[in-house]
Amino acid sequence: MAKKTVKSRKRATGKSPAARPKATGKSTTKKRTTTKKRVTPRAKAGRKSTTKKRTTKRKSVSPKAARKSTTRKRTTTRKTATPKAKAGRKSTAKKRTTTRKSVTPKAARKSATTKRTTTRKTATPKATRKRASTRKSVTPKAARKRTITRKTATPRAARKPARKVSRRHKPVRHKGEFDFNAWLLPRLELEQYELRAEAETGVRDNIKGSTRYAWIGAGQCGGRIVQSFYDLGYRKVLAVNTTHHDLDLLDIPKEQKFQMDIGSKGAGKDMGRGKNAVLQYQQEILHLTRQTFGTEVDHIMVCVGAGGGTGGGCAADLIEIAKRYARYIGISEPDKRVGAIMTLPAVGEASSPKVAENAWKLATELSEMATARQISPLIFIDNDKINKMYHGMTVKSFWPSINSTVAGLFDIFNRLSALSSRYTSFDPVDYHSIMEAGGCAIMGLTIVPNFKDRYAISDAVKNNLKKTLLAGGFDLATAKIAGCIVVAGRKLIESVKGLQENIDYAFDNLSEITGDATVHRGIYEDGRDCLRVYTIIGGLDTCASRLQELRSRVVAKTR
């Protein structure tokens, strides 16, 4: 009971009480010195009582020795006793650790000094003797050994506190001090960072449609087409060319024109020069699209002429630039949101072998992309068909009239899809489904004078596909989706009996013509005293017969 009282008093006060050693013939101080120099198995067996009293005599140790023992004491607190040490092993380090966790009479009898001596490495008698002999003089090398032994503690319970202490990194306060917080980062912020373009309006449109379009025109023909859309209120246009002469004639802002300078001659009819030009300036063009269009864009259209060198050579690469821009502004499926409008040369233009070959190559390339749904939609404007339909026009008014008609036909579906109807609405979802269906698309408009006739509206729908300015030769049975919109005067809708039946019959007839394709319908009223039918068909295969005609001209000229 006296031993337990001394030990408990040591824990309570933090200091060991001064107890008299037993009569062994030697002073307590000498025994402490002898134990530090060499601890033998015989000393362990016969000096238990002396060690016990030496433990209680810690207060009389010199200041230097006290500091050493304190350090050892902190180190050994991290050790855990193993079952083997409890069973009878003479290793005082493990027994002393057990004494720290749960004080037992057996552990209390062991010498604290001897226990501290053996904690530095594995508890074997040989290792104990070696370490005891090395403690004779405390050197910096010995201090480093003690530091290493703390890290290599074998029990798992001893390693956990060491891990927690190593993670407590202090902030850098002095210049030149190593910053562990900057070196050991648990995760990078970039792992969760997604590049998103900041909202930019760009050039503001002056339209009221359901879809916000951006237009890129290449070459002389492409520049004229985007000029027509600019006049309708589509302000997000960009014209590129290899010569400044064609750009100077366009009535659009100067900052929305870009010259790909490859020499004073331009591309001529060489598609290779046009392709090299756009590859050389692709980064500048992409930057200009971001600056001009901003981020408020839903669909991008690339406009080119098939017979020239600049437009024909630039088309495919401009489409890729448009897709890069679409990804930049956050469009997830750019293949569905990037389309193309291209013009086919007339008979007179196609008489040149080079023009016919350029047109055939480009039309074939873009048709393959449309069939694979890499662009949507692909729209052909047939200049030869326009010449036959609109003969007798003056030179000055010919191209402006044709381009404005094509742009206006394209624009009417965008505007109608943004309007609501008290009868049947052609809503934006219907319009987008047609424009994103892939393949080729055609559009048409017909005025119906004899709208009281049951078959008049149905015939007008059929004539739409013949009177359109777009290319012919399409197989309508390959269509995937279509839209038909009837716009009639308010008085006609209110007074003409049977008009709804005639309109429904025309819708059903269009569904049969297009091979049972999905037909979106719309009925609107306005203030005019007439009835008009607008038709748009999407997802068509390419106009094979028209392309074959161009191919035959190329073969004939090369013979």
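## Cavity lining, a loop contact and salt bridges

By class, 7 nonpolar residues line the second largest cavity, with no polar and no charged residues among them. The model is a predicted one.

**The cavity.** The structure holds 3 cavities of 30 Å³ or more.

**A loop residue.** T478 sits in the loop between α25 (456–467) and β8 (481–489). The side chain of T478 reaches the backbone nitrogen of D541 at 3.2 Å. Contacts of T478 beyond its neighbours within four places in sequence are G539, L540 and D541.

**Salt bridges.** Side chains of opposite charge can pair when their charged atoms come close. The structure holds 13 salt bridges.

| Pair | N to O distance |
|---|---|
| K361 and E357 | 3.1 Å |
| D526 and R532 | 2.8 Å |
| E549 and R546 | 3.8 Å |

K361 and E357 share helix α21, residues 353–371. They lie 4 residues apart, about one turn of the helix. K361 counts as partly exposed because its relative accessibility is 42%. E357 also counts as partly exposed, at 27% relative accessibility.

E549 and R546 belong to helix α28, residues 544–558. Because they are 3 residues apart in that helix, about one helical turn separates them. Their accessibilities fall into two classes. E549 is partly exposed, with a relative accessible area of 32%. R546 has 7% relative accessibility, so R546 counts as buried; the cut-off for buried is under 20% relative accessible area.

Which residues are linked with E549 in a network of salt bridges? The network links D382, R546 and E549. Within it, the side chains of E549 and R546 meet at 3.8 Å, N to O.

Conventions: Residues numbered from 1 in each chain as written. Predicted model: local features only at pLDDT ≥ 70, side-chain atom pairs only at ≥ 80, totals over all residues. Heavy atoms only, no water. 1 Å grid on protein atoms, 1.4 Å probe; cavity = no way out; pocket = protein on both sides within 12 Å on 5 of 7 lines; lining within 4 Å. Points joined across faces, edges and corners; volume = space filled by probe spheres on them. Nonpolar A, V, L, I, M, F, W, Y, C, P; charged D, E, K, R; others polar. Helix = DSSP H or I, 4+ residues; strand = E, 2+ residues; numbered from the N terminus. Polar contact = N/O pair within 3.5 Å; in protein donor to acceptor, adjacent residues only side chain to side chain. Contact = heavy atoms within 4.5 Å. Salt bridge = Lys/Arg side-chain N within 4 Å of Asp/Glu carboxyl O. Buried < 20%, exposed > 50% of the residue type's maximum accessible area, 1.4 Å probe, protein only.
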